[in-house]
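Here's a quick tour of the model, one topic at a time. Keep the viewer open as you read.

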Amino acid sequence: MKIKILGTRGEIKVSAPKHSNHSGILADGKIMFDVGEKKFLSLDPKYIFITHLHPDHAFFVRNWEKFDRPFYAPEKYELAGNGQVFNKKINIESCKITSIPTIHSIKVKSQGYLIEKNQKRILYTGDLIWIDKKYHKLLKDLDLVITEASFYQTGGVVRKSRDGRIFGHTGVPNLTKLFSGFTKKIIFVHFGSWAYKNMRETRHAISELGKTYGVDAILGYDGLELNL
Ligand SMILES: [Zn+2]
Ligand SMILES: [Zn+2]
């Protein structure tokens with residue numbers, strides 16, 4: 001399976017040459033996960049899966065734009081003629097895609113995607129605090145996890161609503177620990193402003209953190225291509 005990372009910048013103002021695009025990855029040149037930038041559509045994806053309807057993952061919700069391409073998402077978007085709610089499995093282009101609910105926001109629903117092809121298993125998550133334990137059995141023996149890096153500090157920034165529901169992002173150490181139980185390789189994307197102060201130091205910090213949990217932890221960048 002070919003994976004191309006299209007964007008690695010979170011919902012922040014700062015930018016850097018290899019970390020300027022908002023979220024998106026492309027599998028086998030045809031299946032796109034998140035469309036954080038309108039220009040990603042020029043790659044002409046045959047299928048689109050959205051992790052959640054925040055603008056850095058679905059550019060069209062930023063200004064309530066119409067979006068007419070067919071796509072799958074955890075919930076309906078009013079201004080999309082061809083949006084489909086997707087919360088199960090689908091077989092396309094010799095890949096099996098499975099949605100995995102994630103905890104992130106109280107205003108929008110969110111989910112990651114397990115992508116399987118030729119015995120390879122990749123998990124792509126959007127933003128998250130946690131994945132409920134009942135889904136952990138789906139995460140066994142992953143060849144790669146691509147996940148977010150909004151906050152470096154342990155615990156990230158997690159808030160609680162009046163009715164007791166949590167929202168926000170956990171920290172990179174928490175995600176490294178969580179996914180080290182399921183994979184040997186993690187690529188971090190969706191960087192918060194902490195990462196932009198010095199990208200070399202960020203790369204080093206991520207790699208060292210990976211070592212403490214026994215995984216290969218890598219700093220993703222816009223345009224990074226992998227073959228699995
Ligand atoms: Zn985001
Ligand atoms: Zn989000």
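## Ground rules

A residue is called buried when its relative accessible area is under 20%, exposed when over 50%, and partly exposed in between (1.4 Å probe, protein chains only). This is a predicted model, where local features need pLDDT of at least 70 and side-chain atom pairs count only at pLDDT 80 or more, while totals for chains, interfaces and linings use all residues. Residues are numbered from 1 along each chain as its sequence is written, chains are lettered from A and ligands numbered from 1 in the order in which they are written, and side-chain values use heavy atoms, with hydrogens and water left out.

Let's start with the metals. Donors here are N, O and S atoms within 2.8 Å of the metal (3.2 Å for Na, K and Ca); water is not among the atoms, so sites may look incomplete.

Strands (E, at least two residues) and helices (H or I, at least four) are DSSP runs, numbered from the N terminus. His-57 is buried, with a relative accessible area of 1%, and His-190 is buried too, with 4%.

The protein donors of the zinc ion (ligand 2) are His-52 (NE2), His-54 (ND1), His-104 (NE2) and Asp-127 (OD), lying 2.2 Å from it. This site is irregular as well, with angles of 91 to 164° among its 4 donor atoms. The spacing reads H-x1-H-x49-H-x22-D.

What bridges the two zinc ions? Asp-127 does, and the ions lie 3.6 Å apart. His-104, in the loop between strand 8 (95–101) and strand 9 (111–117), and Asp-127, in the loop between strand 10 (120–124) and strand 11, are 23 residues apart and link distant parts of the chain. Both His-104 and Asp-127 are buried.

## The nonpolar core

A nonpolar core is a set of buried Ala, Val, Leu, Ile, Met, Phe, Trp, Tyr and Cys residues joined through side-chain atoms within 4.5 Å. The largest one has 27 residues, and Leu-123, Phe-179, Phe-188 and Phe-191 have the most contacts inside it. At least two residues each come from strand 11 (144–149), helix 1 (172–180), strand 14, helix 2 (199–212) and strand 15 (216–219). Helix 1 gives the largest share, 4 residues.

## Two positive phi angles

Asp-34 has a phi near 70°, a positive value in a residue other than glycine. Asp-34 lies in the loop between strand 3 (31–33) and strand 4, and is buried at 0% relative accessibility.

Gln-119 also isn't a glycine, yet has a positive phi of about 70°. Gln-119 belongs to the loop between strand 9 and strand 10. Is Gln-119 buried or exposed? Gln-119 is exposed, at 76% relative accessibility.

Notes: Four donors count as tetrahedral if all angles lie between 85 and 135 degrees; four count as square planar and six as octahedral if opposite donors are over 155 degrees apart and all others between 65 and 115; anything else is irregular.
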